[in-house]
Amino acid sequence: GSGGFAPGRRGLRIGSPLNTEPSMPDNSADYEDSDELIADFDQDDGAARVWNLLWLINPGDEDAALRQFDALREQLGGEVEPDGEQWLWALKEVIDWQAGFFVDAQDVDAFITAIDELSARWSLRIDWGGDLDDEDFRADLDVPTLMAVAHDRLREHGYTLWNWNTGTDGCAGWIALRRDDEAMLALCSLLGVEVRPGSDPF
């Protein structure tokens with residue numbers, strides 16, 4: 001069970017920002033190495049794994065990860081146990097527009113707005129490859145196409161855009177440090193969440 005797990009300032013962390021300036025870092029050089037903490041994934045504690053996921057998708061912002069974990073715990077009735085799918089859909093609600101996105105595959109406007117909002121956490125702006133006000137440019141766009149563009153742009157700054165298999169017409173995902181790619185894949189495998197880089201949409 002996860003009753004005894006409480007994320008804190010020590011222990012189950014993926015890293016913390018070295019940069020204490022007010023401006024947000026825009027590449028992974030500003031973050032501590034996380035290799036020594038990957039072993040924590042293997043412990044049989046579902047809540048700890050969920051906390052690690054929140055840490056990965058809130059790079060450099062432990063306070064946000066803590067707020068989202070507390071909100072998730074409350075939404076799940078006081079205990080975070082990643083069994084079945086209920087916890088993942090609750091997580092989607094908790095992180096929406098803060099550390100994640102969930103949009104219809106055809107809702108280009110919602111996707112662009114969500115990714116711009118998430119990228120702004122590190123003072124980044126996505127170059128979408130054309131004028132979004134140009135009807136001809138927008139005519140052929142859909143969310144999977146734009147997801148691949150955003151993934152490529154974010155990689156240039158040290159981040160990876162991930163999407164997870166919703167089993168619906170919706171596209172969902174989050175952003176983490178590029179250097180944590182292997183950790184993300186290992187952790188999501190343990191959690192039973194099927195993820196791919198944004199360059200390979202579901």
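This is a short tour of a predicted model, stop by stop.

**Before you start**

Residues are numbered from 1 along each chain as its sequence is written.

**Stop 1: confidence**

Colour the model by pLDDT, the predictor's confidence in each residue, from 0 to 100. The mean for the protein is 84, and 78% of its residues reach 70 or more. Now select residues 9-26, where pLDDT stays under 50. The model has 48 contacts beyond four places in sequence for residues 9-26; contact means heavy atoms within 4.5 Å. Next, select residues 33-39, where pLDDT also stays under 50. Here the model has 8 such contacts. Where pLDDT is low, the predicted coordinates should not be read in detail.

**Stop 2: two helices**

Select helix 1 (residues 46-56) and helix 3 (residues 86-95). Helices (H or I, at least four residues) and strands (E, at least two) are DSSP runs, numbered from the N terminus. Which residues of helix 1 meet helix 3? Show Val50, Leu53 and Leu54 in helix 1; they meet Trp87, Leu91 and Ile95 in helix 3. By class, this contact has 6 nonpolar, no polar and no charged residues. Ala, Val, Leu, Ile, Met, Phe, Trp, Tyr, Cys and Pro count as nonpolar, Asp, Glu, Lys and Arg as charged, and the others, Gly among them, as polar.

**Stop 3: the largest pocket**

Stay with helix 3, which gives 3 residues, the largest share, to the lining of the largest pocket. A pocket is an open set of points on a 1 Å grid over the protein atoms alone, with protein on both sides within 12 Å along at least five of seven lines; a cavity is a set where a 1.4 Å probe fits but cannot get out; lining residues have an atom within 4 Å of a point. The pocket's volume, the space filled by probe spheres set on the joined points, is about 150 Å³. Of its 13 lining residues, select the closest to the centre: Glu85, Leu88, Asn165, Gly192 and Val193. The lining divides into 6 nonpolar, 5 polar and 2 charged residues.

**Stop 4: the second largest cavity**

This cavity has a volume of about 40 Å³. Its lining includes Leu88, Phe101 and Trp174. Helix 3 gives the most, with 4 residues.

Definitions and conventions: Predicted model: local features only at pLDDT ≥ 70, side-chain atom pairs only at ≥ 80, totals over all residues. Heavy atoms only, no water. Axes fitted to C-alpha atoms, helices over the stretch in contact; angles between N-to-C directions.
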